[in-house]
Amino acid sequence: MKQYAFIGILLSGLSLLISHTPLFATDTFLASDMGSSAKMIAIGNIDGFSQDAAAIFENPAALHTIHSHSLSFFKTSVFNDATYINMAAARQTRIGTIGLGHMQVGVNDLSETDIDQSGRFFRNALFNYTNTVTKLGYQLSPLPALHIGLTGSYFTSQLADLASQGWNLDLGTLIELGKGRLSLLGKNVLLNQKAHFSNNRSARYPPQLILSGSYSFTHCHFYAQSKAVSKTQPIRKALGFSLAPSWLPLLQIHIGHKDFFAQNKIKTANTIGLSLALDSLHFHYAYEKNEHPEFDALHFFSLSLNY
């Protein structure tokens with residue numbers, strides 16, 4: 001009884017914090033918005049329920065599922081030119097679980113153009129773009145059904161000669177309620193922390209408030225999520241479903257539906273994916289069909305190792 005009373009107090013406190021947290025419109029791009037793994041993308045980019053080291057990029061409270069060691073790796077090409085990669089490691093200790101992750105988005109050989117006296121454009125130079133985030137996280141479980149996590153994030157970006165760097169914190173909690181789980185996550189919760197650019201300008205890292213839930217029965221798992229990013233944007237919603245057929249014990253099937261923001265409006269995407277478990281090694285695949293006018297079909301692959 002005391003356990004549920006404590007959880008109720010915690011939820012009330014977090015709800016009060018959320019209700020008084022301002023959200024800022026910003027153009028600062030974060031590599032972590034891409035997704036942490038193919039499985040996460042397959043269920044609609046729903047945060048908080050990864051069961052491997054990739055949880056460091058989502059709700060760090062989910063690191064509680066790691067019982068010894070975990071490694072994860074994810075690499076893909078987006079829009080034919082951008083390369084996205086992340087890798088993470090986590091280990092359970094006597095005092096909690098510690099995780100470390102790094103992700104990067106990069107595009108090489110972008111063209112800098114100029115115009116000559118006749119009005120014709122020509123390529124003046126080539127340059128590269130990179131955006132990275134490195135995360136160090138810690139998770140502990142003060143109660144059997146209550147898990148808390150904190151992540152420190154260090155951000156960098158480089159666009160030709162323009163560079164930026166900065167840091168922030170993510171704070172998350174995961175509550176187990178019978179067959180259900182509730183994830184509450186605040187990303188970039190230090191509102192005064194900014195990205196500082198080499199041209200002496202700065203920009204805020206966008207705070208995100210993410211509420212996710214899951215419910216499991218038999219061989220099925222249902223997921224739902226609401227994400228608040230800015231006062232100027234609608235709440236982004238997502239739904240996901242996973243099925244682990246009893247007649248295919250090594251295989252999981254995933255379906256997802258999500259909102260995303262592009263071209264100054266909310267668009268939607270549908271996803272489907274598979275997970276294959278071979279002992280402690282897990283392979284994940286996701287296919288995304290979205291409303292992007294040029295790149296409406298994307299493929300993602302990732303793997304994880306829990307040992």
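Which strand supplies the largest share of the lining of the second largest pocket? The answer is S14, with three residues.

## Basis

This is a predicted model, in which local features need pLDDT of at least 70, side-chain atom pairs count only at pLDDT 80 or more, and totals for chains, interfaces and linings use all residues. Residues are numbered from 1 along each chain as its sequence is written, and side-chain values use heavy atoms, with hydrogens and water left out.

## Second largest pocket

The second largest pocket holds about 390 Å³ of space. Its lining has 25 residues, and Lys-39, Gln-51, Gln-252, His-282 and His-284 are the closest to its centre. A pocket is an open set of points on a 1 Å grid over the protein atoms alone, where a 1.4 Å probe fits, with protein on both sides within 12 Å along at least five of seven lines; lining residues have an atom within 4 Å of a point. The volume is the space filled by probe spheres set on the points, which are joined across faces, edges and corners.

At least two lining residues come from each of helix H2 (38-42) and strands S11 (220-228), S13 (251-262), S14 (265-278), S15 (281-290) and S16 (297-306). Helices (H or I, at least four residues) and strands (E, at least two) are DSSP runs numbered from the N terminus. By class, the lining has eleven nonpolar, ten polar and four charged residues. Here Ala, Val, Leu, Ile, Met, Phe, Trp, Tyr, Cys and Pro count as nonpolar, Asp, Glu, Lys and Arg as charged, and the others, Gly among them, as polar.

Leu-63 lies in the loop between H2 and S1. Beyond neighbours within four places in sequence, Leu-63 is in contact with residues including Asp-52, Ile-56, Ala-90 and Gln-139; contact means heavy atoms within 4.5 Å.

Strands S5 (146-159) and S6 (162-177) run antiparallel and are joined by 14 bridges; two strands pair if DSSP finds at least two bridges between them. Ile-148 has Thr-173 in S6 as its bridge partner. Two residues lie between the strands, and Ala-160 takes a positive phi near 55 degrees.
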